[in-house]
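Reader: Could you walk me through this one, with the cut-offs spelled out?

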Amino acid sequence: MKIRIEVVNDLDEDEVLIRCGRVDDTIQKIHRYVLEQSSQNTKITFFKQNQEFYFPLDEVLFFETEGEHIYAHTANDAYRIKYRLYELEEILPKNFVRAAKSTIVNILQVYSITRNLTASSLVQFINSHKQVYVSRYYYSELRQRLNERSTYEK
């Protein structure tokens, strides 16, 4: 495997290109690692009324669609953000997982899941009264990521 770094002065943002003959486990691991490294620097501006807020993503319990807007929920408040959920999925760290069509949860903040086999299951968060539902479609992925979550914790 050859590794080459090329410095280009007029780039708007850094780009990593992987050229390969086939995608195997090694290539996938490199890809995941690069994505994880770039998502660790994710900065999101939170809005409430006419104020802008800047705080760590770790404080966010979940992101949720409400009408035309996306809100980031912390233990005690909710802030509007200027991203769509599909954009968030691409830029958020690995500890954020889709739980429903309209919800992304921070698995490091999940306290419990009350399972419901015939409908959505209820997710409760650490030190908060807030709760969301995880749909049956996303339940198994959420459970798998929760079981792996010690690898995301600092």
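Author: Let's start with the turn: strand 4 and strand 5 are joined by a hairpin of four residues. Strands here are DSSP runs of E, at least two residues, and helices are runs of H or I, at least four, both numbered from the N terminus. This is a predicted model, where local features need pLDDT of at least 70, side-chain atom pairs count only at pLDDT 80 or more, and totals for chains, interfaces and linings use all residues. Residues are numbered from 1 along each chain as its sequence is written, and side-chain values use heavy atoms, leaving out hydrogens and water.

Reader: In which sense do strand 4 and strand 5 pair?

Author: Pairing takes at least two DSSP bridges between two strands. Strand 4 (residues 69-73) and strand 5 have four bridges, and the sense is antiparallel.

Reader: Which residue in strand 5 is the bridge partner of histidine 73?

Author: Strand 5 covers residues 78-81, with Tyr79 and Ile81 on its covered face and Ala78 and Arg80 on the uncovered one. The bridge partner of histidine 73 is alanine 78.

Reader: Does aspartate 12 count as buried or exposed?

Author: Aspartate 12 sits in the segment before helix 1 (25-39). Buried means under 20% relative accessible area, exposed over 50%, and partly exposed in between (1.4 Å probe, protein chains only). Aspartate 12 has 82% relative accessibility, so it counts as exposed.

Reader: And what is the relative accessible area of isoleucine 18?

Author: Isoleucine 18 also has its place in the segment before helix 1. Isoleucine 18 is partly exposed, and its relative accessible area is 33%.
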